[in-house]
Amino acid sequence: MPTGFTVEVYYADNNMIIFKWSRFPGATSYEIDVRPIDTPGAKPGFAVYSGNVVLGSINNLTPNTNYTFTVKAKNSTGAVLAKRSGDQMTAPEQADPIIAVTAVNSNTLEMEFVTQPDVDSYAIRAVDTKHTFMTFVMVTSSPGLVPSLQPYTSYNMVIMAVNAGGRSQPGDSVTVRTLLPPPQINSSSPNNNSIDVRWSDIPGAVLYTVNLFRKNLNYNESITKNTTYLNISFSGLDMGAEYHIHCYAWDIEGRKGETANSTQSTRPPTPESVNVTMATNTTSLGLSVSWEMLLALDGPFWYSVSSNILGLQCNSTSMSCELSPVSCGTVYTLEVTAHNDAGPSIPSAPFSFTTVPCPPSSLTVAETTPGHCTFSWGTVSHADRYKAKVTNGLGSDTVCNTNGTSCNFSCECGYTFFMSVFAVNGAGFSPPGSMINYTTVPCCPSSVNVSLISPQTLEVEWERARGAEIYETRAADSSHTILCNDSAPICVLSYLECDTPYNIKVIPCNDISGCNHNCIPHTQDTAPCAPTDLTLTKVNSSAVTASWTNNNRIATYAVFVNNNPRCNTGSTSCDITDLPCGSNFIVTVTANSAIGDSLPSYSEQYETEPCCPASLMVKQVTQAMTNVSWSAAKGAHTFLTTLTSSKGHARCHTEDTHCIMGCITCGTNYTVSMEAYSLSGLQTTCTYDGFSSSLCCPTNVRIYWPSPTILRVSWRSSSGPPHRTLVTMEGTGNNYNCTALPGVKYCDVANVRCGDEYTVVVAPVSADGSTEDFCPQRQYEVMCIDGGLSSIIYRGKRSLD
């Protein structure tokens, strides 16, 4: 079917359905067909409307029935251009008559009705009789409540059954009026045994009832009063008690209106037995006020205390209160009033109270005679007597009670005295006033000990003096004075003149009373002066003479070498002997007396000649080169070693303890000497045992065969004494050797295997049977022909490793 054609159910009730559709192009009429679904005996419906109509209804349908409907758009020939179908339920039958409607309160009505089967819910409609207000309330069962109505107003009440199809037609209406509203109560208590109740006029009310009963007591003991006026009073009530108030109005029909509930207390009784003392737990002066109540009160309640001073008051929920701050030496008039939510009670009788006196002023102290002082102050109003307290630095108190304005006390040296005074009356002691102090001069130190801690420094130590904050220590000789100020009981007087007597005095001081100059002095000498002009004179390689200048009154002298004492003397010189070689020495001299030792003199340095090495060894490295080594020598920095012979000499200068020397002649005796030098250039000559170089190796070595089975090795002998000569031949498979007697210059080797290469060495044999290791090695190849010697080929020399 074409689109653009819409149909909806506009309204439905128990016997009618109204449809609304959209115009369709070309339609000249619209046809509605309504048929019941599964409900035998239900009425169908049919209607036709012109093409200008868009709203149509089907009437006389069966209530509470489900219908299917079809709306068709037709043209002038009766052809269907478009159609739409759907389902719709009709509303239920008209609801049964209302059983009863009653007023619950001033804004709610309750309806009781008969329920019907196949009904989902019920709609209760309330319309005021003036038709200015209407409300609907949906309920599912009986009874149903209709809230939010106006007080004492008549309403027409109807009920309608509701299902998916809509609401039924309303039944017969019932008219009912809501109850009178609760009065708007105002209450007060004009005194402690009565309550006044007031309220606003309620239209429609012909009588008012007020019930009054005490809280927490039986309701049967209530007081009930009726009136047509808008106020009422209750008297003869309990004081300070809380009462419940119930108030409601009656209409002309005799119906009781909604109840207003309230509470109201009577005013409390007057506090009694007022007592006033000075407060003890405040930082400023205060009054502690307490009282009694003879009756038990219903809460909440509180109390106020007022005074004759504007702004001085306090509040409390207990039967005590503190007024603060108050002034000393003042008369106050006080009243106590009890309060609750009804208002204040009658105040208590006025009560007068005089506070503690003010603290005395104009405090002075005077030391009338040494060690005796008088403390004075001015008079104070409202004071009966005075209590003075004097505290010394150790915390010991002296208390003086007097009716006068002064007290005497003992004031020993070295104490700071703190003085205060209180004025006293029946209320107690005055607040703490000013405190003054007086400090006596400090006491002289005891156990003064003066000791010499260095040649020109004195240490003065003593026990602390009472009252002293700082000590001035004076050390005076004939020409000047040295001062030391310190808070510690010790002082070091430094950089004093040596060999000088000093007068020592310890003077205790404090910032308040000054210094005590009457303490006993002490005398102490300083140590001798250090010797001057120290000189050292060499006596020999291991001895010197030290000499110096004497500049002390009485002294002996000690000479130190490297801080070790070497001699003591009363003169001004000393010999220092047995000084070891290769050493540096620092020589100082000190002066000594019964007082102590002087500072050391300026030092002089002395150096002895270096030591010779304890051992020296010469080892030949090659036939022309030797390695000379020696032990370390104390004080030696460099060494000059010399090998000397008739055939020449070798020399080496080094910082090491060994030296390589060349140009050594073989078979030669050498003398060995050394010069050791210190870092400053001092020299020591050292002599050692001689050294003989190795025998000379033969030269012009030749190999030939004098016969087919013998090889002969010949050479030229070197200069020197006659000696044997050893010839060695080493091959890959066989080794040969032979020895020639002294003076013989050849050696024959028999049965030499041919076809091999040999290393040949010709070396002299020394007297101890050893051979020299420095002779060269020569390479020869022995050729074979027909199993015998053929020829010898020289392959050259091989250097020694």
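Tutor: A disulfide is counted here as a pair of cysteine sulfur atoms within 2.5 Å. In general, a disulfide is a covalent bond between the sulfur atoms of two cysteines. This is a predicted model, in which local features need pLDDT of at least 70, side-chain atom pairs count only at pLDDT 80 or more, and totals for chains, interfaces and linings use all residues. Residues are numbered from 1 along each chain as its sequence is written, and side-chain values use heavy atoms, with hydrogens and water left out.

Student: How many disulfides does the structure hold?

Tutor: The structure holds 17 disulfides. One of them joins C581 and C611, with sulfur atoms 1.7 Å apart. The link of C581 and C611 is right-handed, with 100° about the S-S bond.

Student: Where in the chain do C581 and C611 lie?

Tutor: Elements must be named before that can be read: helices (H or I, at least four residues) and strands (E, at least two) are DSSP runs, numbered from the N terminus. C581 is in the loop between β51 and β52, and C611 is in the loop between β53 (604-607) and β54 (616-622). The pair links distant parts of the chain, 30 residues apart.

Student: Is C611 buried or exposed?

Tutor: Buried means under 20% relative accessible area, exposed means over 50%, and partly exposed lies in between (1.4 Å probe, protein chains only). C611 is buried, with a relative accessible area of 12%, whereas C581 is partly exposed at 34%.

Student: Which handedness does the link of C612 and C686 have?

Tutor: The link of C612 and C686 is left-handed, with -90° about the S-S bond. The sulfur atoms of C612 and C686 are 1.8 Å apart. C612 lies in the loop between β53 and β54 and C686 in strand β60 (residues 683-692), so the pair ties together parts that are 74 residues apart in sequence. C686 is buried at 3% relative accessible area, while C612 is partly exposed at 31%.

Student: How should I read a cysteine such as C663, and what is its nearest cysteine sulfur?

Tutor: C663 is in no disulfide, and the nearest cysteine sulfur, that of C659, is 12 Å away. C663 counts as exposed, at 73% relative accessibility.

Student: Let us turn to the backbone. Which peptide bonds deserve attention?

Tutor: Most residues other than glycine have a negative phi, and most peptide bonds are trans. Here the bond from S142 to P143 is cis, with omega near 0°, and P143 lies in the loop between β11 (134-139) and β12 (144-146). The bond from S324 to P325 is also cis, with omega near -5°; P325 is in the loop between β27 (320-323) and β28 (331-340).

Student: Where is D578, and what is its phi?

Tutor: D578 has a positive phi of about 55° although it is not a glycine. D578 lies in the loop between β51 (573-576) and β52 (584-592) and is exposed, at 66% relative accessibility. N700 likewise has a positive phi of about 55° without being a glycine, but N700 is found in strand β61 (residues 699-707).

Student: How is strand pairing to be read?

Tutor: Two strands pair if DSSP finds at least two bridges between them. An open sheet of 3 strands has the order β47-β48-β51, with antiparallel pairing. β47 (532-540) and β51 stand at the edges, each with a single partner strand, so one side of each is left without a neighbour in the sheet. β48 (residues 543-549) and β51 pair over 4 bridges, and S547 has S573 in β51 as its bridge partner.

Student: Which strands pair with β44?

Tutor: β41 (residues 470-476) pairs with β44 in the antiparallel sense over 7 bridges. β44 and β46 (residues 522-525) are antiparallel over 4 bridges, and 2 bridges join β44 to β45 (residues 514-515), again antiparallel. A hairpin of 3 residues joins β44 to β45. Strand β44 (residues 501-510) is mostly covered, with 7 of its 10 residues buried.

Student: Finally, which residues touch the most other members of the largest nonpolar core?

Tutor: A nonpolar core is a set of buried Ala, Val, Leu, Ile, Met, Phe, Trp, Tyr and Cys residues joined through side-chain atoms within 4.5 Å. Of the 23 residues in the largest one, V276, L287, V289, W291, V305, L323 and L334 touch the most other members. The largest share of this core, 4 residues, comes from β28.
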